[in-house]
Amino acid sequence: MSLTRTARTRKFSVAGIATAGAAAAALTLVPSPAHAAEPAKAAAAAPHAAGDKKYPENLDGWIRESLDIMKSKGIPGSYEGLHRNIMRESSGNPNAQNGWDVNAQNGTPSKGLLQVIQPTFDAYHVEGTPNSLTDPVANITAAANYAADKYGSIDNVDSAY
């Protein structure tokens with residue numbers, strides 16, 4: 001194979017990989033009906049209630065319930081911003097726990113859907129949600145409250161925060 005042909009093949013291969021990676025990322029970041037219908041592994045199908053409204057006990061329900069609480073408390077954020085950060089931080093596992101970073105080494109591991117440490121949860125806990133770091137709705141809502149204070153919104157967070 002000639003050098004020009006090899007370089008062209010590599011260029012197409014890299015472009016193809018980049019395109020496939022971008023497509024996979026888009027599928028992960030944009031909630032589709034398939035994503036919304038996926039229950040978290042540890043969740044039951046029973047609905048959860050906030051006020052008069054009922055939410056499914058899965059990632060979609062937890063995000064939607066958190067959004068309703070956030071709206072009532074004036075905390076900014078969108079479904080897309082919450083979902084994107086949850087998938088990056090815990091892959092949607094409400095029992096996820098980081099046992100290796102500096103917080104964990106100092107005895108305060110980050111936990112839950114949005115990997116919150118206990119002192120941050122305590123400072124940003126939102127009234128009306130359970131006072132439990134690993135409760136999915138409390139974890140999401142406290143993390144969104146923290147992100148709003150530090151970054152303007154969870155929508156502005158694109159990496160560990």
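1. Let me start with burial. Of the 161 residues in the chain, 37% are buried. The accessible surface amounts to about 9200 Å², and carbon and sulfur atoms hold 55% of that area. Please keep in mind while reading on that this is a predicted model.

2. A word on confidence comes next. The chain has a mean pLDDT of 79, with 68% of its residues at 70 or more. The stretch to treat with care is residues 1-46, where pLDDT stays under 50. The model does give this stretch 32 contacts beyond four places in sequence. Still, where pLDDT is low, the predicted coordinates should not be read in detail. I would therefore not read those coordinates in detail, given that pLDDT is low there.

3. On the fold, there are 7 helices and 2 strands in the chain. Followed along the sequence, they come in the order α-α-β-β-α-α-α-α-α. As for contacts with a separation of 6 or more, 44% of them join residues 24 or more positions apart.

4. One backbone detail to look at is S91. This residue is not a glycine, yet its phi is positive, at about 55°. S91 belongs to the loop between α4 (79-90) and α5 (102-105). Is S91 buried or exposed? With a relative accessible area of 57%, S91 is exposed, because the cut-off for that class is over 50%.

5. A second residue of this kind is Q115, again not a glycine, with a positive phi of about 45°. The loop between α5 and α6 (118-124) holds Q115. Here the relative accessibility is 14%, so Q115 counts as buried, the limit being under 20%.

Technical notes:
Residues are numbered from 1 along each chain as its sequence is written. This is a predicted model: local features need pLDDT of at least 70, side-chain atom pairs count only at pLDDT 80 or more; totals for chains, interfaces and linings use all residues. Side-chain values use heavy atoms; hydrogens and water are left out. pLDDT is the predictor's confidence in each residue, from 0 to 100. Contact means heavy atoms within 4.5 Å. Helices (H or I, at least four residues) and strands (E, at least two) are DSSP runs, numbered from the N terminus. Buried means under 20% relative accessible area, exposed over 50%, partly exposed in between (1.4 Å probe, protein chains only). Accessible areas come from the Shrake-Rupley method with a 1.4 Å probe; for residues, only the protein chains shown count as cover.
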